[in-house]
Amino acid sequence: MKSGKEQLVCCSMKKVYITSTSCLSSVGADKQLTWQGLQEGQSGIKKIEKFGFLEDIYAGQIADEVIDTQWNKLNIKGIYTRLEKMLIIALKPMIDLKKPTDTSQLILATTKGNINNLANTGVKGADINDMIQRIADLFGFKTTPIVVCNACVSGILAVSIGKRMIQMGVCEDAYIVAGDELTPFVASGFNSFQAMSDEPCKPFDANRKGVTLGEGSAAVYLSTECTAQETVFEVIGEASIADANHISGPSRTGEGLYLSIQGALREAGITAEQVDLVSAHGTATNYNDEMESIAFDRSELSSTPTHSLKGYFGHTLGAAGLLELVIVIESMLYNQLVVSKGYEISGVSRALNMITANSKLSLNTALKTGSGFGGSNTALLIAKRN
Amino acid sequence: MEQHKYSISKWCTVSEEVVKRFDQVVFEGEKGDFVAFAKAYYKTNEIDYPKFFKMDALSKLAFIGSECLLMDEEFDKPTSDIALLFSNASSSLDTDLKHCESIIDKDSFYPSPAVFVYTLANICLAEVSIKHKLQSENAFFVTPSFDGDLMYTQVKYILETHRAKQVLCAWVEYLEGKYKFFGYMVGSYRQGELEHTRENIKEIYRR
C-alpha cells in the first residue's frame with residue numbers, strides 16, 4: 001500500500017527516546033509510590049460525599065495534603081494554582097536531571113487547564129497559555145511552550161508532537177507534561193451525559209456502568225540521547241486518526257483507532273505479533289470499551305496481554321495518556337504486568353487477553369492507545385532499548 | 001531526511017462578518033452578529049447540513065472557513081488524504097462560560113450535555129472531519145497567537161512522512177463575540193502557487 005520511499009524517509013529520521021518519567025496520582029504522591037500502590041492493587045478511587053452540587057460520586061481525587069507535602073519539598077516561591085502545583089511537581093524531577101537548554105521545548109497536554117478559576121476570575125484566570133508560560137518561566141525555558149488540547153488523547157498526542165518536532169530538527173529535546181484536575185465543571189458535565197458510574201469503574205467488564213473521573217499529572221523527557229548504561233524507551237511509531245463519525249460517541253467499527261494502530265505499526269516497521277503489551281484507554285463506558293475491543297481484534301491484538309488503568313486512577317482526561325504511559329514504562333522496566341483493575345468477566349463482543357493477575361513477562365514493545373470526544377484516537381508504540 | 005517543496009494552494013479568512021478567499025471578498029454578512037452571519041453564509045451557499053445549527057460558535061466558525069477551503073476539492077469519502085491541524089488562543093472558553101453559568105447556582109443548576117460536549121477545543125476540528133469524512137491525522141494546539149512556525153513544522157512532518165497528501169491548517173479563535181478564522185491548504189508543489197515557507201505563511205496571515 002505504501003511506497004518503499006516512505007520506509008526510506010522514516011528510516012532516515014532521528015530516533016527519539018523517553019529517558020525519564022515522573023507522575024503524581026491519586027494512588028501515590030510520586031512515581032515510586034504509584035507503582036508500589038498498583039502492585040498492591042490499591043486504587044485512588046474513593047466515594048466523595050459532596051462535590052460541587054453533586055453528591056456521592058466516585059472519583060480518583062488527590063488529597064490536598066498530598067499535593068501540599070510534595071509542593072513544600074520543592075521550596076518554590078510564588079503563587080501557583082492547585083493544577084499548576086500538580087504540573088510542577090511532575091515536571092521538577094525531569095528538570096533536576098537535565099536543565100532545559102535554549103532550544104528545549106516544553107509541551108503541555110491538558111483538556112481544561114485552570115477551568116476551576118473561570119467562575120471567579122473569568123476567562124483570564126482560566127487562560128491555558130498564561131498558565132504554562134508561568135511554568136516555562138519558572139524553569140527557564142527560552143522557547144514558547146506549546147499546548148496540545150485534543151480531548152482525552154492529549155497526553156499521548158503530546159508525546160507524538162514532541163517526537164515530530166525533534167525529528168524535524170526544531171529542537172533537540174522536549175519536556176512533555178500533562179495534567180487535569182477533578183472539577184465540578186467536568187464532573188457536572190459528565191453527569192449530565194449520564195456517563196458516570198455509581199461505583200468504581202470496571203473497564204471492559206460485563207457489569208461496567210460508565211466512567212469514574214480522576215485527576216493527576218505526569219511528565220516524560222524526550223531526547224535523541226541513548227546511552228549504553230541506561231534503559232530507555234524509543235518511540236518507534238505513532239499516529240492520530242479521527243473517526244470522522246460523531247462528536248460525542250466513538251465509531252462502531254473502531255475505524256479511527258484501528259487506523260491509528262495500523263499507522264503506528266507501519267512507522268515502527270513491526271507486526272502486531274511483536275507487541276507484548278496493550279495499555280488500552282478503557283473508560284468503562286459501554287460504547288468506548290466495545291469500540292476498542294473491535295479495533296484491537298481487527299488489529300490482531302486479541303491475544304496480547306491488555307489492561308486499562310482507569311480502575312486505579314479513574315479517567316484523568318488530558319493527563320490519562322501520559323500518566324498511563326509512565327506506568328507502562330515501569331511495567332516494561334520491571335517486566336511486570338499490571339492487573340486491569342475492575343475487570344472480571346468480559347463485557348465486550350471481541351476476545352481480549354485482559355490481565356487478571358500480577359505476573360512476570362518479558363516486555364520489550366508496548367502499545368498505548370487513547371480515544372476521546374470528537375472521535376479522536378492516538379496510538380503510540382514504544383520499545384525498550386538497552 | 002528528504003526535503004520536498006510544497007505549496008499553499010489556497011487560503012481563507014473569516015472575520016468581522018466577511019469571508020475572504022485568496023484575499024478576495026466572497027461573502028459579506030450584516031455587521032455585528034456572528035450567529036446571523038453564519039446562518040446567512042449557510043443559506044447563501046445552499047449547504048444542507050442540519051447539524052450546523054446545533055454547533056457552538058467556535059465550531060460554526062471552523063465549519064464556514066473549512067467549507068470555503070474544501071468546497072472545490074474532489075476526493076473519495078472517507079479519506080485519510082487531508083489532515084487537519086487547528087489552533088487557537090482561547091481553547092473552548094466561549095462555551096466554557098456557558099456551561100459554567102449553568103452550574104454556578106444550586107437553584108438553577110442545569111448542565112446540558114449539548115453544551116458540555118463543546119467544552120473541548122478539538123470538537124470544532126471534529127465537526128469538520130465529520131462533515132467532510134476526513135479519517136485523517138489531526139491535532140489541536142493552543143498558543144497565545146497564531147504560531148506559523150509550529151504549523152509549518154507539523155505540516156511538513158505529515159507531508160514528508162506521507163501521512164496525508166494535503167493539510168488544512170487553521171487558526172480558529174472565538175471568544176465572546178470576537179473571532180477570526182485563518183486557514184490554508186498545503187499540498188505538493190505546483191508551478192505558480194505560493195511556496196509553503198515560514199515567511200509566506202506569516203505574510204498571508206498578516207494580509
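Between chain B and chain A, 21 residue pairs are in polar contact, both residues being at pLDDT 80 or more; a polar contact is a pair of N or O atoms within 3.5 Å, where within protein one must be able to donate a hydrogen and the other to accept it, and residues adjacent in sequence count only if both atoms are side-chain atoms. The model is predicted, with local features requiring pLDDT of at least 70 and side-chain atom pairs pLDDT 80 or more, whereas totals for chains, interfaces and linings use all residues. Residues are numbered from 1 along each chain as its sequence is written, chains are lettered from A in the order in which they are written, and side-chain values use heavy atoms, without hydrogens and water.

Four salt bridges (a side-chain nitrogen of Lys or Arg within 4 Å of a carboxyl oxygen of Asp or Glu) are counted between chain B and chain A. In one salt bridge, the side chain of B:Arg163 meets that of A:Glu238 at 3.5 Å, N to O. The contact (heavy atoms within 4.5 Å) involves 58 residues from chain A and 56 from chain B. About 4900 Å² is buried between the two chains, 66% of it on carbon and sulfur atoms; buried area is the accessible area (1.4 Å probe) that two parts lose on being put together, summed over both.

Strand S5 of chain A (residues 146–148) is joined to S5(B) by two bridges, and the two strands run antiparallel. Strands are DSSP runs of E, at least two residues, numbered from the N terminus, and two strands pair if DSSP finds at least two bridges between them. A:Val147 has B:Val142 as its bridge partner in S5(B).

Methods: Helix = DSSP H or I, 4+ residues; strand = E, 2+ residues; numbered from the N terminus.
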